[in-house]
Amino acid sequence: MRSILLTFFFCATSTLAGFSQSSPFTLVPSSLKPMEYSSCAWGDYDNDGNIQFTDIAAPLIPLQTASCSWVDYKNDGQLDVLISGDSVGGMITRLYRNNHGIFTPVNVGPAPFMGLSYGRNKWADMDNDGWKDLVLSGMDMDAIGHLVVYRNMGNDQFELYDNMTSNVRYSSIDIADYDADGYQDIILIGKVPGIIRHQRPP
């Protein structure tokens, strides 16, 4: 099933657009819930190739100002889920293992992931060892911005490789080998507190 993972706060709107050769984009009726301060990601979590929308009632923690991503972090051919954001009780970042459509929280070691919100999470093999590593951005409980890299060591173990206290808020990230040297690079965008863009008067 080609699935969509959504994290959200409260009612707004959700729109699904389909692409075809005859018409670039058309609205597709769906049962997706309205959302705000949200994130979404596509993934075929059960490897059946179908495009359907059915709530499987996965036991994911409800979050606001959230980010989500699919990843096969353990190289078993099944897509797992990572979510990060504000659970109202605090900031969390949590990984869920996919065992043939059943999602369970992973007790990552040697320490839990840093809880961040108002950011993004991405996966890439940063050290070229064959395991997907986690790059995480966002704000902590003190509204301090972070860019964090966790190295996937296998067996649910993630080593904190770098924590750049960037103080970039409301951030987004992406990963690419921009200089073609064989290593993945990170781009970070967001708001730096105190910097105001002034417009010229007309």
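Which backbone oxygen does the side chain of Asn152 reach, and at what distance? I started my notebook with that question.

**Entry 1: ground rules**

I am working with a predicted model, where local features need pLDDT of at least 70, side-chain atom pairs count only at pLDDT 80 or more, and totals for chains, interfaces and linings use all residues. Residues are numbered from 1 along each chain as its sequence is written, and side-chain values use heavy atoms, with hydrogens and water left out.

**Entry 2: Asn152**

I looked up the side chain of Asn152 and found that it reaches the backbone oxygen of Tyr73 at 2.8 Å. I count a polar contact as a pair of N or O atoms within 3.5 Å; within protein, one must be able to donate a hydrogen and the other to accept it, and residues adjacent in sequence count only if both atoms are side-chain atoms. Asn152 sits in strand E11, residues 145-154. Strands (E, at least two residues) and helices (H or I, at least four) are DSSP runs, numbered from the N terminus.

Is Asn152 buried or exposed? Asn152 is buried, because its relative accessible area is 1%. My cut-offs are under 20% relative accessible area for buried, over 50% for exposed, and partly exposed in between, with a 1.4 Å probe and protein chains only. I then listed what Asn152 touches, leaving out residues up to four places away in sequence: Tyr73, Asp129, Trp131, Lys132, Asp133, Gln157 and Phe158. A contact means heavy atoms within 4.5 Å.

**Entry 3: the sheet around E11**

Next I traced the sheet. It is open, has four strands in the order E9-E10-E11-E12, and pairs antiparallel. Two strands pair if DSSP finds at least two bridges between them. E9 and strand E12 (157-164) are the edge strands, each pairing on one side only. On average, neighbouring strands of this sheet are turned by 20 degrees against each other, direction ignored. For such angles, axes are lines fitted to C-alpha atoms (for helices over the stretch in contact), and angles run from 0 to 180 degrees between N-to-C directions.

I checked the pairings of strand E10, residues 133-139. E10 and E11 pair antiparallel over six bridges. Four bridges join E9 to E10, also in the antiparallel sense. Leu136 has Val148 as its bridge partner in E11. Asn121 has Leu136 as its bridge partner in E10. Ser137 has Leu147 as its partner in E11.

Why is E10 largely enclosed by the rest of the structure? Seven of its seven residues are buried, so the strand is largely enclosed. I noted both faces: Asp133, Val135, Ser137 and Met139 lie on one side, Leu134, Leu136 and Gly138 on the other, and all are buried. In a regular strand the side chains alternate between the two faces of the sheet.

The hairpin of E10 and E11 has five residues between the strands, and there Ala143 takes a positive phi near 60 degrees.

**Entry 4: Ser67 and Asn121**

Asn121 came up again. Its backbone nitrogen lies 3.2 Å from a polar atom of the side chain of Ser67. Ser67 is in strand E5, residues 64-71. Ser67 counts as buried because its relative accessibility is 2%.

**Entry 5: Val106**

I moved to the loop between E8 and E9, where Val106 lies. Val106 is buried, at 8% relative accessible area. Val106 and Asp156 are 50 residues apart in sequence, yet 7.3 Å apart in space, C-alpha to C-alpha. Beyond four places in sequence, Val106 touches Tyr73, Leu95, Tyr96, Arg97 and Asp156.

**Entry 6: aromatic rings**

How many aromatic pairs does a search of the whole structure find? It finds eight. Rings of Phe, Tyr and Trp (its six-membered ring) pair if their centres lie within 6.5 Å; planes under 30 degrees apart count as stacked, over 60 as edge-to-face, the rest as tilted. Tyr118 and Tyr170 form an edge-to-face pair, 4.9 Å centre to centre with 80 degrees between the planes. This pair links distant parts of the chain, 52 residues apart: Tyr118 in the loop between E8 (102-105) and E9 (121-124), Tyr170 in strand E13 (residues 169-176). Tyr118 is partly exposed at 35%, and Tyr170 is partly exposed at 47%.

I also noted one aromatic cluster, formed by Tyr73, Phe113, Trp123, Tyr150 and Phe158.
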